[in-house]
Structure formats: C-alpha cells, structure tokens
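Please find below a short note on the model, arranged as numbered points.

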Amino acid sequence: MSDEFAKGLAMLTGGLLGWMVLSGWYATESFESPKQLIAEPPSGLELFGTLSLTLREALFWFAIVGALVFWVLIPASQRARIAWNERQSS
C-alpha cells in the first residue's frame, strides 16, 4: 500500500509543480492581484504558447486523476478482489 501512496503523491506533486510553473508564466496578471495562477491566459499565442497552455491543462488532470487512481481505485479494486475471492471460497 505504501508504494501506491508514494506513486500517487509523486504524480500529484510533479503534475501540480508543472501546472504552477506554467500558470505563473501564462496566467498571472500581476503579483499584486488576487488572481495569481488562475487568471485568464492570454489569447493569440503562437505554437509554443498554445502547446504550453495545453500542457498546463494536461498536467493538472494528470495530477488529479493520477492521485485518485493510486489512492482510491487501486486499493478499492484490491480489496474488492480479496472480498470476491473470500466469497467464492466459502
């Protein structure tokens, strides 16, 4: 179980670190505003800007879904498999 926790934590921290870096570059109007990291990204970007914003969204969902998979789905499926095997054997 500890390896699933470590993998989920690594996915969460790594994904959100990348999201924060890209959000700091593209979605921070000013450092005095209350909308740091969540402001509307600029429009009309060229190729690398568009790729960066796409990567920003992908990293966010990678972090959230990855943590949920390793912290919820995998342990739940293991416990369900154990319960199913116990039910079948009795």
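1. The backbone oxygen of Ser30 lies 3.0 Å from a polar side-chain atom of Ser33. A polar contact is a pair of N or O atoms within 3.5 Å; within protein, one must be able to donate a hydrogen and the other to accept it, and residues adjacent in sequence count only if both atoms are side-chain atoms. Ser33 belongs to the loop between helix H1 (2–26) and helix H2 (47–89), helices being DSSP runs of H or I with at least four residues, numbered from the N terminus. With 15% relative accessibility, Ser33 counts as buried (under 20% relative accessible area; exposed is over 50%, partly exposed in between; 1.4 Å probe, protein chains only).

2. The model is predicted: local features need pLDDT of at least 70, side-chain atom pairs count only at pLDDT 80 or more, and totals for chains, interfaces and linings use all residues. Residues are numbered from 1 along each chain as its sequence is written, and side-chain values use heavy atoms, with hydrogens and water left out.

3. The structure holds 3 aromatic pairs (ring centres of Phe, Tyr or Trp, the latter by its six-membered ring, within 6.5 Å; planes under 30 degrees apart are stacked, over 60 edge-to-face, the rest tilted). The rings of Phe5 and Trp71 are stacked, with centres 5.5 Å apart and planes at 15°. Phe5 lies in helix H1 and Trp71 in helix H2, so the pair ties together parts 66 residues apart in sequence. Phe5 is partly exposed at 46%, as is Trp71 at 34%.

4. The rings of Trp19 and Phe60 are tilted, with centres 6.1 Å apart and planes at 50°. Trp19 is buried at 16%, whereas Phe60 is partly exposed at 27%. Trp19, Phe60 and Trp61 form one aromatic cluster.

Key
Helix = DSSP H or I, 4+ residues; strand = E, 2+ residues; numbered from the N terminus.
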